[in-house]
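This report is a guided reading for someone meeting the structure for the first time. Please keep the sequence and the model in view while following the text.

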Amino acid sequence: MNQTTLSSPHHYHLTNQPNTNTKNPTQFLRFRQNDKQNLPVLRFAVNPSSQVPPVVVVGSANADIYVEIDRLPKEGETISAKSGQTLAGGKGANQACCGAKLSHPTYFLGQVGNDAHGNLVADALRDGGVRLDYLAVVSSAPTGHAVVMLQSSGQNSIVIVGGANVSCWPQTLPPKQLEVVSSAGIVLLQREIPDFVNVQVAKAAKSAGVPVIFDAGGMDAPIPQELLDFVDIFSPNESELGRLTGLPTESFEEITQAAAKCHKLGVKQVLVKLGAKGSALFIDGEEPIQQPAIFAKTVIDTTGAGDTFTAAFAVALVEGKSKKECLRFAAAAASLCVQVKGAIPSMPDRKSVLELLNHH
């Protein structure tokens, strides 16, 4: 298999140094009281230290082909789209771009084909500030892509071609890729690449004491126990949680029971994304931590909101914030995401998130 690597123009030196206090300006954020609960003052550096260990995202990269249509075509019928455009996407690329836009050093480890779509994805990631030292270009598979049919009724129909996301992965990941995983502050995984790749990455991270967040989005299939054994935080949305546990998730009590089933499978922390109902973190043996949604003034497109939430939570966590602070930071980032069309184009920058929190 022919394989080359795209290099980032700005190389980041990996370090295992802890996140220490710096002379960077710090913005102090005070929240109004909610249900008579005294919320903590959040302290997020506007420009975090370059010495913090990076976020490493291992996952998929797609070219998302959007077509806006009045209705789906019937069998054998050809219809015209009102508009169409191709944007970079994929759960892995989305999360990596979000981490970088939030001003945290972020690496993306994934695969694209040697084609125009691969260039599109690489350019979007690079423009977002993502380090691409470990983005591989494979010649024997096309870049993964999705055809997103947006109907005037608001309904979406999506067809995904896995391409390089699901094929051409080496059976054993190269040492350099595992080294960057072991040197990370936190690792993010999803379900749009093969399970055996995720297992190798999670195992390497666990061996190095690096926490792993595993997003349930992507392939709708049972999760190997071997993978769950190395996951620190499992992050589904409520429908994914229901499908994977076989339990109802309509009420908070039902969601709590489904999270408890995940605990029995060995995952100590379950981060559930509940859309307009907010989010909740279930830690085995502790009371759930709930976070209401921070409502957007106008919802334009929810694409990428879940990825934004997961990545923002990871950034706050690796910077040493409390779980409650992580949830609030993630909620603010997701609120900004849904106000812009597209996935990667809608990822908010750090300043915007802090400003929203400061006024919420």
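## Confidence and overall make-up

The protein chain has a mean pLDDT of 86, and 86% of its residues reach 70 or more, where pLDDT is the predictor's confidence in each residue, from 0 to 100. Over residues 2-42 the pLDDT is below 50, and this stretch has 100 contacts in the model beyond near neighbours in sequence, a contact meaning heavy atoms within 4.5 Å.

This is a predicted model, in which local features need pLDDT of at least 70 and side-chain atom pairs count only at pLDDT 80 or more, while totals for chains, interfaces and linings use all residues. Residues are numbered from 1 along each chain as its sequence is written, and side-chain values use heavy atoms, with hydrogens and water left out.

The protein chain holds 10 helices and 16 strands; helices (H or I, at least four residues) and strands (E, at least two) are DSSP runs, numbered from the N terminus. Of the 360 residues in the protein chain, 52% are buried, where buried means under 20% relative accessible area, exposed means over 50%, and partly exposed lies in between (1.4 Å probe, protein chains only). Among contacts between residues at least 6 apart in sequence, 70% join residues at least 24 apart.

## Salt bridges

Side chains of opposite charge can pair when their charged atoms come close. A search of the whole structure finds 12 salt bridges, each being a side-chain nitrogen of Lys or Arg within 4 Å of a carboxyl oxygen of Asp or Glu.

| Salt bridge | Closest N and O atoms |
|---|---|
| Arg191 and Asp195 | 3.7 Å |
| Arg243 and Asp220 | 3.5 Å |
| Glu238 and Lys277 | 3.1 Å |

Arg243 is partly exposed, with a relative accessible area of 47%, whereas Asp220 counts as exposed at 54%.

Helix 6 also holds Glu238, whose partner Lys277 lies in the loop between strand 14 (269-273) and strand 15 (279-283), so this pair ties together parts that are 39 residues apart in sequence. Salt bridges that share partners join Lys91, Asp215, Lys273 and Asp307 into one network.

## Buried residues and their surroundings

Arg191, the partner of Asp195 in a salt bridge, is buried, with a relative accessible area of 2%. Ile223 touches Arg191 and is also in contact with Phe214, Leu228, Phe234 and Leu244, leaving aside neighbours within four places in sequence. Although Ile223 and Arg191 are 32 residues apart in sequence, their C-alpha atoms are 9.1 Å apart in space. Ile223 lies in the loop between strand 12 and helix 5 and counts as buried at 16% relative accessibility.

Which strand contains Gln190? Gln190 is found in strand 11 (residues 186-191), and this residue is buried, with a relative accessible area of 0%. The side chains of Gln190 and Gln95 are joined by a polar contact of 3.2 Å, that is, a pair of N or O atoms within 3.5 Å, of which, within protein, one must be able to donate a hydrogen and the other to accept it, residues adjacent in sequence counting only if both atoms are side-chain atoms. A polar atom of the Gln190 side chain also lies 3.4 Å from the backbone nitrogen of Gly92. Not counting residues up to four places away in sequence, Gln190 touches a set of residues including Val57, Ser60, Asn198 and Phe214.

Glu319, in the loop between helix 8 (305-318) and helix 9 (323-337), is buried, with a relative accessible area of 7%. A polar contact of 3.0 Å joins the side chains of Glu319 and His104.
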